[in-house]
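Hello,

Here is the structure I promised to pass on. Please open it and follow along with the notes below.

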Amino acid sequence: MVRIFLTGYMGAGKTTLGKAFARKLNIPFIDLDWYIEERFHKTVGELFKERGEVGFRELERNMLHEVAEFENVVISTGGGAPCFFDNMEFMNRAGKTVFLDVHPDILFRRLRIAKQQRPILQGKQDDELKAFIVQALERRSSFYTQAQYVFNAEELEDRHQIEASVKRLQELLGL
């Protein structure tokens, strides 16, 4: 039985690597944010606005516990999920946890391109965006580094890099 949780900041490649890795292992991939949106027929942003951060994080924890019941699965958590309640401890007990570690400069480059799809980043100028990323990583690193494995996910720019990263992750996890 395989249950792998991918954690890390937004833009770290949890979905990109997670999908490719699950495909390689021939098991399902679940993005926790997508799972929540599918279950509640609302975007994460809408749920966050409706329930506030506390309400959303409680819902997120419940959905994390739900998907952790699945076997033979790769699960990508939202960037904040590991940082609330006992979520990191829970994931460490429930399966293998991997922190996708990416330098802030690379996260900035990735998120700068995709900021229109991420409401929390919209309207931020480059210097604001970079500072936002650095501050968030400082706050969250103590949670992310509780993962059982740390994986450098800086090379996910094209198919060849993704395939090489999948192979490296497979070796790291002994799968």
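Start at Asn26. Its relative accessibility is 71%. The cut-off for exposed is over 50%, so Asn26 counts as exposed. Keep in mind that this is a predicted model.

Where does Asn26 lie? Look in the loop between H1 and strand S2 (29-31). Now check the backbone. The phi of Asn26 is positive, near 60°, and Asn26 is not a glycine. Why point that out? Most residues other than glycine have a negative phi.

Next, go to His41. His41 sits in the loop between H2 and H3. Its phi is also positive, about 55°, and again the residue is not a glycine. Is His41 buried or exposed? His41 counts as exposed, because its relative accessibility is 70%.

Now the largest pocket. It holds about 1,200 Å³ of space. The lining has 41 residues, and the closest to the pocket centre are Met10, Asp33, Gly78, Gly79 and Arg118.

Which elements give two or more residues to the lining?

- H1 (14-25) and H2 (32-40)
- H3 (44-67)
- H5 (104-114) and H6 (126-144)

H3 gives the most, with seven residues.

What is the lining made of, by class? It has 17 nonpolar residues, 12 polar ones and 12 charged ones.

Best wishes

Notes: Residues numbered from 1 in each chain as written. Predicted model: local features only at pLDDT ≥ 70, side-chain atom pairs only at ≥ 80, totals over all residues. Heavy atoms only, no water. 1 Å grid on protein atoms, 1.4 Å probe; cavity = no way out; pocket = protein on both sides within 12 Å on 5 of 7 lines; lining within 4 Å. Points joined across faces, edges and corners; volume = space filled by probe spheres on them. Helix = DSSP H or I, 4+ residues; strand = E, 2+ residues; numbered from the N terminus. Nonpolar A, V, L, I, M, F, W, Y, C, P; charged D, E, K, R; others polar. Buried < 20%, exposed > 50% of the residue type's maximum accessible area, 1.4 Å probe, protein only.
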